[in-house]
Amino acid sequence: MKTKLRTVYHQTIQALKSQKKLLLPFGIFAAVESLVLTLIYLAPRVPFRAVLGPPIKAFRGEMFLHYPANFLIIPELSSFFRNILTVILGSLLAGTAAVMIRQAFWKKEASFIRAIGEAGRKYFQLFFIVLITAVILNYAYKGVTFGIIKYFTAGHKELLGFGFAIWRGPVTVVLNVVILLIVQAFFIYTVAFLMLGNQKLFKAIWQSFVFFGKHIWQTLLIVTLPFLFYIPVIILQYKTAYLIDNVFPEVVLIIAYSGIIISSLIVDLFVTMSATLYYLNNKEG
Amino acid sequence: MKRALFCLILAVSFLSGCMQDQYAIERDYWKVNKQAQAVFKNPVATPSNEVERVVTLLENFAAKYPQNTLAVRAHFLVGKIYLAKSMHNEAREKFASIAKEYSQSAIVVSEAIFLTGSAYQLQNNADAAIAQYRMIISKYPLSPRGLQMPKYIAQYYASRHEPVKMQEAYKEAISHYEGLANKDMSSALALRSYSLIAECYGGLKDWNNSIAALEAIILSFKDRAPMDGVLLNIAVIYRRELRDTQKAKETLQRLLNDYPDSRYAKAAQELLKR
């Protein structure tokens, strides 16, 4: 019998209430990401400019080392570094979180040290899982952009009633979110199968696909519901230039920090915990 | 742990808030400039005490960072606010003081003189405005503003619907630019001068001579810079102004042959199809 999502969320809340340590992997990731964001923000300033200035100048242009243009690239750079951090550090912390959640599920005291040790032993596999997800997402995003540009450069004026500007703007953002949620749904149980089910790498990926196939709606809800909290951040980041001009440039930084808190301490926390608990209820419960 | 966090927050606050590096100066400038832009948005409705307040902010900024290039911009903003508020005498005084303070910089002084002329222009005092513009040509002919002025004067006459004076001004501008180009035909100045000559002939609707000036650019500079943009300009003149589609196509073909990887190649191919 399939576990109800309400039960899973109830278990998630209860586990968090009883064992605050479960927040640790997500808190660490948020802290590291915040540190990186702070460095991006300080890049145009002495003494950071000496090290961080040249790559920004080479890849984006000199103007982005000046106020307030530097705020224009903060969302893009923070997203880029978040992806790198997710592959390098997030993979390890996802494995750690999965082990800690199982400890909590079986009413044991969650141990971060023991869990990170266990995850460390499978770091290569965890790294590969997150890397492959990131690569698929990257190509899917590029595919959307390429498809839209190809369609409109072929001479078409509109698609489904929308012109190029709308397709390259808000529609692309929405499509990217949909792609993110679908790809995430496919891979969401891979870490659980690897860390908790002791499956080999590719078998864990395949098992995740199969598990998703059997629990499509529950899984889609598991990845989508917490993500709703992040939508305001996406909308605000899409309007970065407008906000700089009409509010004040530093608001971009505030949004970026809020984005980190929401993504790490709400979205990732609830998606990882509820997916792992859903897996545990169905496999071990 | 708490102490380390406190130190980190303190360091970040210090770096982002207190240190007066170029970035911090740019931030201060952005704030005062924002307030100046609010005046420009609706100068008529802006009360005089608000204008005074913004002018004081800008003056204080310039006084705080006198060596910074943004101080010059702040000074100019003050003058432009006066212009926007139709306080022409105050504007001219401000531009005169800028010219005096930055007398070593041809770019700043020529800009200050130009804006002084603009103040006269806004008062419809054409003679005084032209006198200022001519002063730039004679004193700072090679500054960016100085290079533009001969053509600008002709355009100013055109805007005043004075065709005879406009034609004279364009001819004068052409001989001025030819004089600059002839000093050193291989210099960047000659390249810029010939571009302006082509534009001046365009202003006179003398398209053949405009093309001749552009061809002179190609002849002198094709070995040192890509000439695809110039070729596209020639093709457009043939097509749009002289209605000579054959010559236009020949020029576009020349562009595609000489610069197959040009960023204008696609536009050229599109034009060839028509």
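**Chain A, overall**

I began with the secondary structure of chain A in this predicted model and found 13 helices and 2 strands. I then looked up the radius of gyration of chain A, which is 20 Å, close to the 19 Å from the globule rule for 285 residues, so chain A is as compact as a globular protein of that length. The C-alpha trace of chain A spans about 55 × 50 × 30 Å along its principal axes. I noted that 36% of the 285 residues in chain A are buried. For contacts in chain A between residues at least 6 apart in sequence, I found that 73% join residues at least 24 apart.

**Chain A, backbone entries**

I went through the loops next. Most peptide bonds are trans, and most residues other than glycine have a negative phi. Which bond joins V46(A) and P47(A)? I found a cis peptide bond there, with omega about 5°. P47(A) sits in the loop between α2 (24–42) and α3 (49–59) of chain A. Another cis bond runs from Y67(A) to P68(A), with omega near 0°. I placed P68(A) in the loop between α3 and α4 (74–105) of chain A.

N198(A) is not a glycine, yet its phi is positive, near 55°. I located N198(A) in the loop between α8 (190–195) and α9 (201–214) of chain A. N198(A) counts as exposed because it has 10 C-beta neighbours inside 10 Å.

**Chain B, H161(B)**

I found a positive phi of about 55° at H161(B), which is not a glycine either. H161(B) is in the loop between α8 and α9 (163–183) of chain B. Is H161(B) buried or exposed? I have it as exposed, with 8 other C-beta atoms within 10 Å.

**Chain B, α7 against α8**

I looked at how helix α7 (residues 126–139) of chain B packs with helix α8 (residues 144–159) of chain B: the angle is about 140° and the axes are 8 Å apart. At that angle α7(B) is oblique to α8(B). The crossing of these two helices is left-handed. On the α7(B) side, I listed I130(B), Y133(B), I136(B) and I137(B) as making the contact. On the α8(B) side, the contact residues are R145(B), G146(B), M149(B), P150(B), Y152(B) and I153(B). I sorted the residues of this contact into 8 nonpolar, 1 polar and 1 charged.

**Chain B, R92(B)**

My last entry is R92(B), in helix α5 (residues 88–101) of chain B. R92(B) counts as buried because it has 23 C-beta neighbours inside 10 Å. Leaving out residues up to four places away in sequence, I found that R92(B) touches T116(B) and A119(B). G79(B) is 13 residues from R92(B) in sequence and 7.4 Å from it in space, C-alpha to C-alpha.

How values were computed: Residues are numbered from 1 along each chain as its sequence is written. Chains are lettered from A and ligands numbered from 1 in the order in which they are written. This is a predicted model: local features need pLDDT of at least 70, side-chain atom pairs count only at pLDDT 80 or more; totals for chains, interfaces and linings use all residues. Axes are lines fitted to C-alpha atoms, for helices over the stretch in contact, and angles run from 0 to 180 degrees between N-to-C directions. Helices (H or I, at least four residues) and strands (E, at least two) are DSSP runs, numbered from the N terminus. Angles under 35 degrees count as roughly parallel, over 145 as roughly antiparallel, 65 to 115 as roughly perpendicular and the rest as oblique. A crossing is left-handed if the near helix is turned anticlockwise from the far one by less than a right angle, and right-handed if clockwise. Two residues are in contact if their C-beta atoms, placed from the backbone, lie within 7 Å. Ala, Val, Leu, Ile, Met, Phe, Trp, Tyr, Cys and Pro count as nonpolar, Asp, Glu, Lys and Arg as charged, and the others, Gly among them, as polar. The radius of gyration is taken over C-alpha atoms; the globule rule is 2.2 Å times the number of residues to the power 0.38. A residue is buried if 20 or more other C-beta atoms lie within 10 Å of its own, exposed if 12 or fewer, and partly exposed in between; C-beta atoms are placed from the backbone.
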